[in-house]
Amino acid sequence: MADPHVCARCAASGPTCCTLTPGQEEFCFPLSEIERHRILEAGAGKGFFAQEANTSAFLDNLRKLFPGEDERLDELFPARGAHFRLATGPDGECKLLGPEGCTLPREARPYYCRLFPLWPQRSEVMVFGAGRCLARQEAHGLNAILRLLGESKENLRHLHGRLRLAWGFQPRDGGSLFKDILNRNAS
Ligand code: SF4
Ligand code: SF4
């Protein structure tokens, strides 16, 4: 059964996907300008972002998410360059996290946050091995997690297509999703 409050319950009970291990900030996902502006428009100040170097560990992590797209990744995140990420406190918590979960409206959250703990890849949808994710703990298997989160594969693919576009990747399906995104221009 869908539980729209699963992430709020997760936030109330302990660390969530919104908290990283201090010292591992380089592994945080990057923010595109589109996503950053959307967060700014939602009322968050510039202190909610941090700049992070494009380290080889950061890129290796992204290569796992975008297999076969090394060349484009190197163009988007050149060595000695930097990218924006969400700012975190000394405890590793995203500064946008409140006691009842994310303080941003859903449509202003970064795409990666909206996809987690799922990640469409080619024709499959991967489930991240996130042991402390309450949705993962309470639902077993992709379909059960989708049901609990009230999500659909179609919407995940759409969000993922938007993330690819925002981050600077080419559309994956010959352009139809790209056109769909431009036409809908929503959330
Ligand atoms: S923006 Fe919101 S959902 Fe994303 S990591 Fe921060 S608190 Fe969590
Ligand atoms: S996606 Fe998982 S880890 Fe993140 S807040 Fe929701 S239940 Fe918790």
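Two strands are taken to pair if DSSP finds at least two bridges between them. Helices (H or I, at least four residues) and strands (E, at least two) are DSSP runs, numbered from the N terminus. The structure is a predicted model, in which local features need pLDDT of at least 70 and side-chain atom pairs count only at pLDDT 80 or more, while totals for chains, interfaces and linings use all residues. Residues are numbered from 1 along each chain as its sequence is written, chains are lettered from A and ligands numbered from 1 in the order in which they are written, and side-chain values use heavy atoms, with hydrogens and water left out.

Strands β5 (residues 118-121) and β6 (residues 124-127) run antiparallel and are joined by four bridges. Q121 has E124 of β6 as its bridge partner. Two residues lie between the strands of this hairpin. R122 is in that loop between β5 and β6, and its relative accessibility of 63% makes it count as exposed. Here buried means under 20% relative accessible area, exposed over 50%, and partly exposed in between (1.4 Å probe, protein chains only). Strand β5 is covered on both faces: L118 and P120 on one side, and W119 and Q121 on the other, are all buried.

**Backbone exceptions**

Most residues other than glycine have a negative phi, and most peptide bonds are trans. R80 sits in the loop between α4 and β2 and is exposed, with a relative accessible area of 84%. The peptide bond from F116 to P117 is cis, with omega near 5 degrees. P117 belongs to the loop between α5 (111-115) and β5.

**Loop residues**

A79 is placed in the loop between α4 (70-76) and β2 (82-86). At 57% relative accessibility, A79 counts as exposed. The C-alpha atom of A79 is separated by 8.2 Å from that of A53, 26 residues apart along the chain.

R132 is found in the loop between β6 and α6 and counts as partly exposed at 41% relative accessibility. Not counting residues up to four places away in sequence, R132 touches C10, P15, T16, T19, L20 and Q137, where contact means heavy atoms within 4.5 Å. R132 and A8 are 124 residues apart along the chain, and their C-alpha atoms are separated by 14 Å.

| Residue | Loop | Relative accessibility |
|---|---|---|
| A79 | between α4 and β2 | 57% |
| R80 | between α4 and β2 | 84% |
| R122 | between β5 and β6 | 63% |
| R132 | between β6 and α6 | 41% |

**Ligand shells**

A residue is near a molecule if one of its heavy atoms lies within 4 Å of it. On that criterion, ligand 1 is surrounded by C18, L86, C94, L96, L97, C102, P110 and C113. This shell divides into eight nonpolar, no polar and no charged residues. The classes are nonpolar (Ala, Val, Leu, Ile, Met, Phe, Trp, Tyr, Cys and Pro), charged (Asp, Glu, Lys and Arg) and polar (the others, Gly among them).

Around ligand 2 are C7, C10, T16, C17, F116, C133, L134 and A135. By class, the shell around ligand 2 has seven nonpolar, one polar and no charged residues. Helices α1 (6-13) and α6 (134-138) each supply at least two residues of this shell. C10 and T16 are also among the residues that R132 touches.

**Whole protein**

The secondary structure comes to nine helices and six strands. The protein has a radius of gyration of 16 Å, which agrees with the value near 16 Å for a compact globule of 187 residues; the radius is taken over C-alpha atoms, and the globule rule is 2.2 Å times the number of residues to the power 0.38. Along the principal axes, the C-alpha atoms fill a box of roughly 40 × 40 × 30 Å.

Buried residues make up 44% of the 187 residues. Among contacts between residues at least 6 apart in sequence, 67% join residues at least 24 apart. The protein exposes about 10300 Å², of which carbon and sulfur atoms supply 52%. Accessible areas come from the Shrake-Rupley method with a 1.4 Å probe, and for residues only the protein chains shown count as cover.
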